[in-house]
Each structure stands twice: as C-alpha cells, then as structure tokens.
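Dear colleague,

I am passing on a structure that you have not worked with before. Please open it alongside this message, and then read on for what was found in it.

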Amino acid sequence: MEIEKQVQHLTERLIYIRDIFGDKHNENIRLLVSKMEDYRRREPSLSVRERRAAVLTLEDLFGFVEKKLEAELSPMDMVRIVRHPQRICLRDILENVYDNYTEIGSMGEHSIDPSMVIARAYITRRRGKKTIDQSVMVIGQEKGHGEEFRNGGSVKPWGNAKALHYMKVAETENIPIHTFVFTPGSYPIEDTPGAAQQIAANIYGMSSLKVPVISVISEGGSGGAEAIALADRRIMLSHGYYSVISPEGAAAIEGRLRSGQRASQELVEKCASQMQITARDNLRMGYVDHVIQEPNLGARPYHYEFFRNLRQELLRVTDEVSISVRGLHLFRALRLRSRRKQAIKGLDFEKAYVRWNLPSSAQNRLVNRRHRKFRRLSLHAAPDYTPFSKRLSSLWQEIGWGLYTHFKYDMLQRQQQKVAEYVDEVKSEWTLFFDRILAPWRMLMSKIRGAERKVSVETERQLTELSEWDDNQEQRGGNWVYVSAKARIDRAVTCPNASTHGCLDLWAPDLYGEFAGVCTNCGHHFPMEHQWYLHNVFDQGSIFEFATDVEASNPLGIEEFEVKLAEAKRKTGHKSGCMVFEARINGVRLVVAMLMAAFRGGSVGAAEGEKFIRAAERASRKRFPFLAYVHGTAGIRIQEGTNGLIQMPRCTMAVRRYIDDGGLYIVTYDTNSYAGPVASFLGCSPYQFGIRSANVGFAGPGVITETTGILVPPHYHNVYKALSRGHIQGIWDRREMRFNLYRALLTMGGRNLYYR
Amino acid sequence: MLDISAVLEEIKASPYTELSVRAPHCGLLTFPGDLKPGDPLSGPVGEWKEKPGTLLATLERERNERPISCEEKGELAALNRELDGCFVEAGTEIARYRHFLSREEVLQLILKRALHLFIAPERAKYYFVPAVDIKFKVSGPKAVTVHDGDELFIMSRMKREASLRYSGPEGVIYAVYFIYNQNVDAGAPLIGVCPPDLVPQVEEAVLRVQTEWTERN
C-alpha cells in the first residue's frame, strides 16, 4: 500500500515536470517516463522487497533530474511553477506554518470572495518554561490548488475590501499582519467598490497601519498584489514572480496583438526574461527584502522542510520589525542580526521572545520607517540630471520654505488662531449684550426713519437684475487664451453621438476654438491637448515648472525602448510623462502634477513617480493645495517592470503623508485614465472629478472580456458611470474647469486653503 | 373585416421590405471596391448593437469622412455605382437593399394589423384588476372580453396605486405584453385586443407562420 502511494506520488511529480517544461528538456522527461513504464511493466513479477528497492531508485532518479532541471529554470518556467495547481497555497501555509488558526468569513466557496482568505492564527513560542501564543492576522489570496470558485486567486473588489477591514481589525487589536500574495492580478470589474478604487483604498490604508506588516510573495501580479503587499518587510519565495503584468500580457503589447490573438511562445519567454520578474531580480533591485529558498522545482504541499523554513523566517522577520522600533532593544537586535546565519545552521527561532504588540510611540516610528523605506526605492530608475549648483540652490530654498512655513503656520498662526478665537468669542458676547440693551432704542429709531430708509442702488441692481457673464470666470465667452492647433485645420468633425442625439457636423475651427472641443448640441467633449488646460485653467504666466531634469529611463534595458522613449521626449519636449509645477488660480497658489497622455500614453514609470512625490512634498512644505491633473494615463509603464509597479505604493504614501499633514488633494481625470495610477495615488483622493466624456477605470473593455468572459457594454467606463458607482465625486465641463477648480479650492480648503 | 389570409398572402408575395439608403448630407461619395448587388449585408451586431453594419459607402464633406453603414440585415439590391467619386446632394439615393422578414417580424406585422394595442400611459407596474385577474388565471386570456371604459388595470408606481380604464374597440385579450411585477415604460403596449370572431383566424395565421415561414440567412 505504501509503495503504491509512493508510485502515485512519483507519477504526480512526473506530471508536474511535464507541465512545467512542456516541450523543453524532452530527453530528461523521456528518461523518467521510460523508467516509470519500465517499473510498471516489471511490477507484477517483483517481490515486495524488490519493489521497494526499485521505487527508491526511481525516487533518487527523480531527485537527480529535478536538481538538474532546477539549474536550467527560465523565468517563464517559474511563472508556470507558481501557476501550477500542485503549487503550495495559502491553506497549506495555514496548516503547516501556524500552530492554530480560525478562518474568518469563509468556508470553502461560501465567502464574499473565496479567492481572499483571512484567518486569525497563532504561533506558540517558548520563553524559558513558559509557552506563549503570539497572534497574527493572516491575509492572502487563495488559489486552492486549482479550485474553480477561487478564480485562480483573482480577488474581486469586495474581497480586497474585506482584507482592508481585517487589517484595521488587526490594527485595533495591535497584532502583526502576515500577508501572502498568490495572485495573477485583480479581478477587473468596476462594480462598486470597483477594482481600482478598492486597491487604492487598500494601499492608502496599509501605508499607515500601526502594526508590523510582513508580506510573502509567491505570485505577485500587478495591482492585485499591491492591494495587500505594502509591508515593512517583503519576503519572496525563490520560485515566485513579482511583476507589473503577466508575461503573456507584456508579449501581447510588445507584439501589438489584437484581443483574441495569442503571442508566440518565444516572444512570451523573451518578455518574461526581459521584464526581470524573478525573486533574484527583485531582490537585486531592492523591491523585496529576503528570498526564501524553495525545494527544487518549487515548493509543493509535501515539502514540510520548506514550511519549517518559512515559519522560521516569518518569526525572525516579525521579531526584527517589532524590535527595530521598540525603545529598548540593543541586545535583542544584535542577536537577531546574527540569527539569520544561525537559522541555517539549524537553530530555531521558537525560543527568544519578542512582544509583537507595539506601544504607541513605537507604532509611529514603525509607520515613519515604512514611509522612509518606500521613499528610497526605485531612485536608481529615475535619474536626476539637475546640475549641482541648481540642486544646491533648490536645497536652500527647500530649507528656507520649511523654516518659513514652520514659523508661519506651526508657530505664529497657531498662536494667532488662539488669539483670534478668543477675540471672536468676546466680540460675540459683546454684540449680544449690546443688542439687548440697544434693542428698544433701535426699534424707536427705525419707526421714525422707517419711511426714509432706502436700499442702495447697487444692492437693488444685484437683487433685481440677472447676474452678468464674467469673462474671467467660467467659459470666458469663448475667448480662450490658448487655441488648439487643431482649430487651424479647415474641416468638419462629426460628433460620435450624432446618430443618437442628432448632432450636426461641427467646423473644426469653431469646435476646437470657441467651443473648446465641446459639441454644442450634446456636450460631448472631444479630447484636447494638455497645453489647452495649462493656458486656460491657470492664471496667465503663473506656471513655474520644477524637477524638469528627472528623466524617464529604460532601467530594464528593454530592446528598442530607448528609441521609443527618445521619440516621446522629442515629440513632447518633456523628459518624462509627468509635468510638475506651481501655478495660481485667481491668485490662489497650488502645486500641480500633470500626467500627459502624449508621452507614452501618460504611463507612469519611476521618473513620473519620483516627480509626483516631489510635487506632493513641495505642496506639503509650502502648505499649498495639491492638484493631480490626469490628462490621460494608460497605467504603469510596463517596460519598467517592478520599477514602475512600485510607484503605486510610493506615490500613494506620499499622498498619504500630504493628506495627514492637513493637505487638500484634488484629482481631475480627463480623456482616458486606467489601471495602476487610478488604483493607487489617484484613486485614493477623497475629491476626484472627471471632465465630461472622460473614461475612468481599472482595465479596458478588451482586457475585462478576455480575463473574465464578461461582455462590457458601450460607455462602461464613462465618468457618469463612474459617478454612479461612487468612484468619483463630480463631473466638470471643460469650459468651466477653471471656475470649478477655484470653487473647489475655496469650498474644500477653507479660507487658508491648507489648514483645516 | 380584416382578411388574415389575404394579409398572409400579401406578405408571402413580397417576403422582404426594400429599404433605400440616402445621403444624409451633401458630399463626395465613394463606394467600397468589392461591394456589388446580391451581396449579403449585416446590420448592427453585438450584444448592444454596438458594432455598425456593413459599410455601404463613405461620404466626405469638408474633409470629414462619414461612413454610411447598413441598418438592417439583408441583401444588396442595387448600388448606384455611377455616383462613385461624385459630389451628391443630400437625399440622393445611394443604394437599395432587401431586408428579408424574419418569422418574428411577420408575426408582428400580422398582429399589428389584427390587434388593437393598448398602450401604457406612464412608466409603472401594471396589474389586472382582481375580477379580471381571476378570470384570466382560471380560463386563460382569451376568455376575457373587454369593452370601452372597463376598469381593467391597476397602475402602481412608488407605492401609489391608480386604476386604469380600457379604451378602444370591444374584443378579447389576445396577447399580454407586460410581466407581473416588472416596470413597463410609457408607450409600451400592455395588451393586444382582438375582435372575438377574428381570434380563430389569427391563431391559424400564427400557427402557419410558425410552421411554414422559412427565414433567409
């Protein structure tokens, strides 16, 4: 019976090897197949003892071949490993790594989203003779060895919402969080709360969780991974991958394939290796902190030694994070530092005990540390060519501004406010008191003068006449400062709504000139270039650009991408797809970060992220409101791989710092805004507005249909739909953007715009 | 009185409607090269009819090209090739195509001629009044005879209920178009009323259409 089991096990191993390598390494696979067949043929004639010996030999052979194949694993092989149903999944980890656990809110397929599993678990450790149960919140995607209802670990928005909810619970309970990333990507649907908006909420929430967060990445697919992967320490399994897009998706974009077409295997393999998605690559680039070695050809549920290592590593890292922010930790920290080596020697971490719940001072240190950690990432991928002298002067300016605002707002204004509040109180009392005393006298006077009392001419005019058109506000009567180059072409344009709304053709000079690209009949907004906004929304000559020398680069050395980047730089005259500047609206100063659709579709890479962060920091330093004007973004720049992906948490954290400091952050979407940026630093804003006819969403219609099989109706991502779903907070007419933005600044920022 | 058989024969004699495509405005006309009479045409397709039908011509005015697509499934009958590359006035006939009637369309045509449709006055949920409802459930729709001025429906919207009287010729209810507990848009038909003596004929015609009518692909 036992021998039968062993043979069955070997058969499964063979199937696994075949699945991983497909047509490659045929001679090795053939060898294993022939040996297995040979054994089966001989089996009836062998005695039990001979059988046992034969199986042992077979096992040795399997071990040998697996070791040999391990050395030749390509990145795409690793992708196939993590996707294989035999790969370890979260429930295996819960069973084998933790001493006890209770699953929260799910029982098989009965769950709000079976692809997200949450559990309260504990690990029992010893200190002297005492045993202590240390609780953790375990959160992760569950692939369930290919169970269909798990969706392969693609989490729906409500699954991510549940994860965030229990992270907050862990924060309340002051217990650390272990997250396990097993996802090929998020399930791309817009149903409330919306894939993008929920991921944004998760990243925003996680950035300042006051408990240690440790994440373990096996399959880290893009936004779905980021939804739970923002952590103090990120561990990666050696055969895992962590990438901005699946190799197939990258190949489809590289090969310019239409939906439904499949990329060739060679192209997919090439993309997988070019994108640098493996654990080793990510460790080298600094996006993960440690790599845990897996058994040959990846961990499977029967690799108990691997689970032991994982447990040790989790204990060590959680200890390390907790202790690093505690006040008194000198000896324990020293010991921890040397313990990584000891673990390899076989010493376990079950003994020394570090409390995982943190006092409040340590909690703040933990959050600050996390923010600093992410701020430092990906700097190498965003080269800054600012001359030294300029850097020095801007450093002085920054220090000056810092001191000035600290003095003005933190010291002076606080005192001023206190005095003003007190004076106000006294004044109110005084007025009330005098009103009472003077009331009879006033009544008498009004009776005497009642007939003569007259309203001033100006007040009467204001009350009786219709309000006048103000050329400086709203639509400026069609007299725009900047007129699009498209208005110089003598041609007619048909509105896309002509068939349903009966719009007549518009003459381009009218449409792109006076009408500001808006159909006069139905109000459809034709896309306009970003220059139109720069000139017509902000005060004349008020724009001051900074961080101009941070340049988009090709950190992964993707073939021919250098040329494409150079072309985009030449075409737009900008060095990256993000322009950051200070500007004024009716004298109100603000900092703006603008993503330009003209520069590689407005995609966000390391340079764009860095500029965005600098803009947020500048706004914070100067106490200005911060506007993200998204003229269009196609998502994270896939050619930068993880360097781009990491901008999601980085920029969101910058926004979080800014908002926590009391800033006003407004986002305006124009044309098309999709994917990563919307699912992070844009989607996390409490005030998001869409320009009419814009589209906002997570994945485009083609991707939704391809991944989920759901047909998407026309105008699925339109801003009106986004507003109905609760993803954005309002819709603005392009011609009234200046007016609306100014009003938003006044109404949302209060009198001083910055301080609440 | 309406002669159903004659109507059916009439439809059979010309089993299609011939539709004319005209220039929506003036402009320079160009035809796609490979289009010729006899070619099958497709109408708008997709779940939401979001993909336009076969391209019949392109009309360019002031450097603005407008595609003219086929609105119904059918077969191209005539194409005014002589206009290719010419400037045409608005309303000029560009092409004619035949749209072959489907079984459903034939049925609708017959019922439209034979029935009086009673229209929903506003968007609401509609129910039969209890007396009619019981009769309806026990003996089927054709057992209910309605007269002008009969109280026939309860119109329910946002918890407000109002009664609705039937107006139109006397007859039996032949078809019910609304679904219990679902909203009906204003202008949508609620019931189709048929003169009692015409019922057997209509039923026979429907049966014949359903069994005999062959649809052309």
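Two residues are said to be in contact if their C-beta atoms, placed from the backbone, lie within 7 Å. Please keep in mind throughout that this is a predicted model. By that criterion, the contact between the chains takes eight residues from chain A and eight residues from chain B. On the side of chain B that touches chain A, the residues divide into six charged, one polar and one nonpolar.

Chain B itself is assigned two domains, with domain 1 covering 15–100 and domain 2 covering 105–212, and the centres of these domains, taken over C-alpha atoms, are separated by 39 Å.

Of the pairings, I followed that of α7(A) with α23(A), whose axes come within 9 Å and cross at roughly 65 degrees, in a right-handed crossing. Here Ile203(A), Tyr204(A) and Ser207(A) of α7(A) meet Met648(A), Pro649(A), Thr652(A), Met653(A) and Arg656(A) of α23(A), and by class this contact has five nonpolar, two polar and one charged residues.

Notes:
Residues numbered from 1 in each chain as written. Chains lettered and ligands numbered in written order. Predicted model: local features only at pLDDT ≥ 70, side-chain atom pairs only at ≥ 80, totals over all residues. Nonpolar A, V, L, I, M, F, W, Y, C, P; charged D, E, K, R; others polar. Domains from an automatic or database assignment. Axes fitted to C-alpha atoms, helices over the stretch in contact; angles between N-to-C directions. Helix = DSSP H or I, 4+ residues; strand = E, 2+ residues; numbered from the N terminus. Left-handed = near helix turned anticlockwise from the far one by under 90°.
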